[in-house]
Amino acid sequence: MKITEHIEKAKGRSLFSFEILPPLKGQNIQSIYDGIDPLMEFKPPFIDVTYHREEYVFNEKENGLLEKRIVRKRPGTVGICAAIQSKYGVDAVPHILCGGFSKEDTENFLIDLDFLGIQNVVALRGDAIKSETYFTPEPKGNKFAKDLVEQIMEMNRGNYQDEVIEKGHNTNFCVGVAGYPEKHMEAPSLDKDICRLKEKIEAGAEYVVTQMFFDNSKYFEFVDKCRESGISVPIIPGLKPLATKRQLSIIPHRFHVDMPEDLISEVEKCKDNKEVRQVGIEWGIKQSKELVKAGVPVLHYYSMGKSTNIQKIAKAVF
Ligand code: FAD
């Protein structure tokens, strides 16, 4: 079922969902099931699976020269989605990127998803790889998430890259896109970023999932601004419970979001990460309850492979 249909069917009740990462190469699917099993009691109608593009690693050879190798540390997005749909009967939502994909690669990726009965995708640009300062699209690839949304919509209309195919099978993808309550790091202003978000919706995206935020007022202000600019699709809040002291600096650096002073001082008082996890759970419960009260369509948790804290939050909220 499409994400938008799940939301309609809930008739105003906030749903529970979460995002997982494929395990590091070399692990088996059980590590994924171990993360999902404790959360199934909250009846997620869908589970997102992130996509991780290639990285360059440099190995020093005996002669001192560096050898460049391309590695994908977390492959398996499509396989995990198929496994989730078959084991749990829950819609799996693969993330799909512009980065690293030509339009033809994208088309072939989408054909696999369609054959597997996967109807939902989140369309993203992706970040620059570690050796680049700025994002560089693949030759003959999509430059922005909006271009990727357009390509998916063309497939939904039966139009393929290969011009030999005059009228192909109409896929039926429901597309979600990313939104940034605290602005995407490359955008010159929040207003401009929201204009870009609107372009993704006009291209055919049917819902938005937000970057994590720790201060609900940032989400509420963002939603108000989106509505003023004419964006009317569901805006799903993304939540990440804090679990370690180090995340106080890692998360702002990696995701370009602020931490509220109250949360910072609570975490700083903690003697160890066990206490930090408890603070993260309590903060997550407070955030979640307020969002449910405000009638958000879904609470979407970034599990990053660890589900115990999300289970505790969900127990208190759902
Ligand atoms: P876009 O919407 O293309 O925007 C990127 C930047 O370009 C923005 O600053 C925007 O304002 C600007 N822009 C857009 N259109 C134009 C234009 N026409 N001209 C000039 N500027 C423009 N990354 C992964 O690698 N794998 C994942 O699975 C993944 N999942 C994610 C899930 C969510 C919910 C979120 C919020 C992010 C996720 N990311 C993931 C990270 C994401 O790939 C990065 O944040 C990336 O830098 C931007 O992606 P986007 O789709 O928002 O890009």
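Lys183 sits in the loop that runs between strand 7 and helix 6; helices here are DSSP runs of H or I with at least four residues, strands are E runs of at least two, and both are numbered from the N terminus. This is a predicted model, where local features need pLDDT of at least 70, side-chain atom pairs count only at pLDDT 80 or more, and totals for chains, interfaces and linings use all residues. Numbering starts from 1 along each chain as its sequence is written, and side-chain values use heavy atoms, with hydrogens and water left out.

Back to Lys183: its phi is near 80°, a positive value in a residue other than glycine. Lys183 counts as partly exposed at 24% relative accessibility (buried is under 20% relative accessible area, exposed is over 50%, partly exposed is in between, with a 1.4 Å probe and protein chains only). His184 is in the loop between strand 7 (174-179) and helix 6 too, but His184 is buried, with a relative accessible area of 15%. Setting aside neighbours within four places in sequence, His184 is in contact with Arg125 and Asp193, where contact means heavy atoms within 4.5 Å.

## Lys11

Lys11 also has a positive phi for a residue other than glycine, near 50°. You'll find Lys11 in the loop between helix 1 (3-9) and strand 1 (15-20). Lys11 is exposed, at 75% relative accessible area.

## Around the ligand

The ligand has 21 residues around it, and the closest are Tyr51, Asp127, Tyr180, Asp193 and Lys200; to be near the ligand, a residue needs a heavy atom within 4 Å of it. By type, the shell splits into 10 nonpolar, five polar and six charged residues.

A backbone N or O atom of Tyr51 lies 2.7 Å from a ligand nitrogen atom, and a polar backbone atom of Ala145 is 2.9 Å from a ligand oxygen atom. The protein covers 84% of the 990 Å² of accessible area that the ligand has on its own, by the Shrake-Rupley method with a 1.4 Å probe (for residues, only the protein chains shown count as cover). Strand 5 (91-97), helix 6 (190-203) and strand 8 (207-212) are the elements giving two or more residues to the shell, and helix 6 has the largest share, with three.

## His300

His300 lies in strand 10 (residues 298-302) and counts as buried at 1% relative accessibility. His300 and Phe16 are 284 residues apart in sequence, yet their C-alpha atoms are 6.3 Å apart in space.

Beyond its neighbours within four places in sequence, His300 has contacts that include Phe18, Phe46, Val209 and Leu239. Ser17 is another contact of His300, and a polar contact of 2.5 Å joins the two side chains. A polar contact is a pair of N or O atoms within 3.5 Å; within protein, one must be able to donate a hydrogen and the other to accept it, and residues adjacent in sequence count only if both atoms are side-chain atoms.

## The whole chain

The protein chain has 11 helices and 10 strands. Of its 318 residues, 50% count as buried. The C-alpha trace spans about 60 × 60 × 45 Å along its principal axes.

Key
Ala, Val, Leu, Ile, Met, Phe, Trp, Tyr, Cys and Pro count as nonpolar, Asp, Glu, Lys and Arg as charged, and the others, Gly among them, as polar.
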